[in-house]
Amino acid sequence: MDEPVKMKKADGYQMCVKTIMDTTDEDIMFDDNGICNHYYKYKRLEPYYTYKGKETDLELEKIVEQIKKSGKGKDYDCLIGLSGGVDSSYVAYNAKKLGLRALTVHFDNGWNSELAVKNIENIVKKLNFDYQTWVVNWEEFKDLQLAFIKASVANIETPTDHAFLAALYRIADKYHIKYILSGSNFVTEGILPTSWGYNAKDLTHLRAIHKRFGKIPLKTYPTLGLYKELYYTYFKKIKMIRLLNYLPYVKSEAMKTIQTELDWKYYGGKHYESVFTRFFQGYILPVKFNIDKRKAHLSTLIMSGQITREQALQEIQKPPLTKEQINEDKIYVTKKLDLTLEEFDQIMQQKPKKYNQYPNNEKIRNWVYKIYNKIKYKQ
């Protein structure tokens, strides 16, 4: 579905009549009927990234055949990054059902909740998958995380997201694995404003912020520069498969399945399996940046027909965290980061900054991706 010709920014506050996306996304546009650009974008992409019955089943069948073929004579035919959350847990469950021999990997950045750890233990035990943990050097990681907090940018999760992907590619390369199964999916994550963050893969951006605000050299922290990314994907031909896009993925049903089959337990919110992510999304983002990521998550579920708009409106009225949770997490997070409460509050009061106020290689990344995609689709 194409966007109407007439899309414009709102004069004041406005919420989409189809989703619950609103003008807290500074780039949001509306048509004359009050429908936002996120609605039209989702509708336009939906046919390409969602389950279509037998057609998709046949696509998945071919992919599974290719994965198994690539793993012949090797210990594993695919790699799965496990966080203990719904999406990655359901990927692991389905990988087993499909007869895949997966190596599961958890990236431990020091912020795991006890529930996440228990969930991961149950998953690998029940599914009988081999399992590895990549434990990041805490002092290095803490220094980088603090640098991003002090930089006052919204994409504070970059240190985790960047290193997690870098670690996956390194491990895949080490074991000659050609396929990484990702929990990233369209029907629960198809809406996310670009104004709310920035590409975590931009190593230039990461290093610039660390150079400005960091103190400790990143000697062991895993990185993934643009050319290394192209090396892994183009020359080593390691492919990222978003498995859940090939399944009729209904989050509530998936949760019931992994609770029953894998003794999995819910941790309270999207990505709340991490203590830092819970505090970041539930407190730092809404208080400092006026960003409530639940609006995007709930809007996507509306678009995929998993909840109604009325249910989303009721849910968004609830605070992301209780006052007790905020206080508890604030004390824990600041202490772990070696910040006093006063220092943290001072950082929170600093004016938010855009990612492009720091060095980055966005233009060259976009140009290289454009060329790479042209080559890819000609093959």
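Reader: Before we look at what packs on what, what does contact mean here?
Author: Contact means heavy atoms within 4.5 Å. And keep in mind that this is a predicted model.

Reader: Okay. Let's take α14. What covers its buried residues?
Author: The cover includes helix α11 and helix α15, residues 341-349.

Reader: And which residues of α14 are buried?
Author: They are I326, D329, K330, V333 and T334. They sit on the same side of α14, because they cover an arc of only 120° around the axis.

Reader: Why would residues spaced like that point the same way?
Author: An α-helix has 3.6 residues a turn, so residues three or four places apart point the same way.

Reader: What's on the other side of α14, then?
Author: That side has E324, E328, I331 and K335, which are exposed.

Reader: How does the span of α14 compare with what it should be?
Author: It agrees: α14 has 14 residues, 323-336, so at 1.5 Å a residue it should span 20 Å, and its end C-alpha atoms are 20 Å apart.

Reader: What comes after α14?
Author: D338 follows, and its phi is positive, near 60°.

Reader: Buried or exposed?
Author: F289 counts as buried, because its relative accessibility is 13%.

Reader: What does F289 touch?
Author: Leaving out residues up to four places away in sequence, it touches S152, V153, A154, I156, I284 and P352. As for K353, it is 64 residues from F289 along the chain, yet their C-alpha atoms are separated by 9.3 Å.

Reader: Switching to α9. Which residues are buried there?
Author: In α9, residues 226-235, the buried ones are L226, E229, L230, Y232 and T233. Their arc around the axis is only 165°, which puts them on the same side of α9. The face turned away from that buried side carries Y227 and F235, both exposed.

Reader: And what follows α9?
Author: K237 does, with a positive phi near 55°.

Reader: Now the strands. Which way do the residues of β4 point?
Author: Y179 and L181 point one way, I180 and S182 the other, and all are buried.

Reader: Which strands pair with β4?
Author: β1, residues 78-81, pairs with β4 in the parallel sense over two bridges, and I80 has L181 as its bridge partner in β4. β5, residues 239-242, pairs with β4 in the parallel sense too, over four bridges. There, I180 stands opposite M240.

Reader: Back to salt bridges. How many are there?
Author: The count comes to 15. One of them joins D87 and K251, with the closest N and O atoms 3.8 Å apart. D87 is in α3 and K251 in α10, so this pair ties together parts 164 residues apart in sequence. Both D87 and K251 are buried.

Reader: Which residue does D263 pair with?
Author: D263 meets K126 in a salt bridge at 3.5 Å, N to O. D263 lies in the loop between α10 and α11 and K126 in α4, so parts 137 residues apart in sequence are tied together. D263 is partly exposed at 34% relative accessible area, and K126 is partly exposed at 48%.

Reader: What about D292 and R294?
Author: Their side chains meet in a salt bridge at 2.8 Å, N to O. And here's D338 again: salt bridges that share partners join it with E139 and K142 into one network.

Note on methods: Residues numbered from 1 in each chain as written. Predicted model: local features only at pLDDT ≥ 70, side-chain atom pairs only at ≥ 80, totals over all residues. Heavy atoms only, no water. Buried < 20%, exposed > 50% of the residue type's maximum accessible area, 1.4 Å probe, protein only. Expected span 1.5 Å × (residues − 1). Arc of directions from axis to C-beta. Pairing = 2+ DSSP bridges. Salt bridge = Lys/Arg side-chain N within 4 Å of Asp/Glu carboxyl O.
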